[in-house]
Amino acid sequence: MKKFTEDHEWIAVDDGIGTIGITDYAQDALGDIVFIELPEVGRVLAVGDEAATIESVKAAGDVKNPVAGEVVEVNQKLVDEPSLLNSSPEADGWVYKVKLANPSELDSLMDEAAYRDFAK
């Protein structure tokens with residue numbers, strides 16, 4: 001099950017590891033994405049920390065971390081193919097994974113239905 005933030009990030013948790021990316025709404029607002037700066041593996045992030053920077057032809061934006069944790073993996077495919085964020089933002093275009101420090105933080109995020117209402 002995915003959870004969503006008001007900043008248009010999503011997180012899907014499996015066995016204490018959260019996979020994080022941007023929503024379809026976010027990629028649509030950014031336009032054609034041309035560059036991404038990924039976080040370093042091993043970096044410890046708090047809620048709301050700027051974890052990654054995305055640049056598109058019309059804007060730049062930050063991926064804000066939705067839950068506290070340590071970065072355990074980044075999607076290296078995005079370095080050579082940042083357009084995956086446009087074509088598959090909620091699947092192949094995931095940005096990074098964190099080992100959750102406090103899984104209860106997920107409770108403050110929106111479920112898919114609430115996010116869809118929010119994004120309208």
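Read along the sequence, the protein chain runs β-β-β-α-β-β-β-β-β-α-α-β-α. That comes to four helices and nine strands. Helices here are DSSP runs of H or I with at least four residues, strands are E runs of at least two, and both are numbered from the N terminus. This is a predicted model: local features need pLDDT of at least 70, side-chain atom pairs count only at pLDDT 80 or more, and totals for chains, interfaces and linings use all residues. Residues are numbered from 1 along each chain as its sequence is written, and side-chain values use heavy atoms, leaving out hydrogens and water.

Next, the overall fold. A compact globule of 120 residues would have a radius of gyration near 14 Å; the protein chain has 13 Å, which agrees. The radius is taken over C-alpha atoms, and the globule rule is 2.2 Å times the number of residues to the power 0.38. Contact means heavy atoms within 4.5 Å. Among contacts between residues at least 6 apart in sequence, 61% join residues at least 24 apart.

Now to one site. The UniProt annotation "modified residue: N6-lipoyllysine", from an unreviewed entry, covers Lys-58. UniProt positions follow the numbering used here, feature names are shortened, and annotations may be inferred rather than shown by experiment. Lys-58 sits in the loop between β6 (50-56) and β7 (60-64). Lys-58 is exposed, at 58% relative accessible area; exposed means over 50%, with partly exposed between the two cut-offs. Leaving aside residues up to four places away in sequence, Lys-58 touches Asp-28, Ala-29, Leu-30 and Gly-31.

Methods:
Buried < 20%, exposed > 50% of the residue type's maximum accessible area, 1.4 Å probe, protein only.
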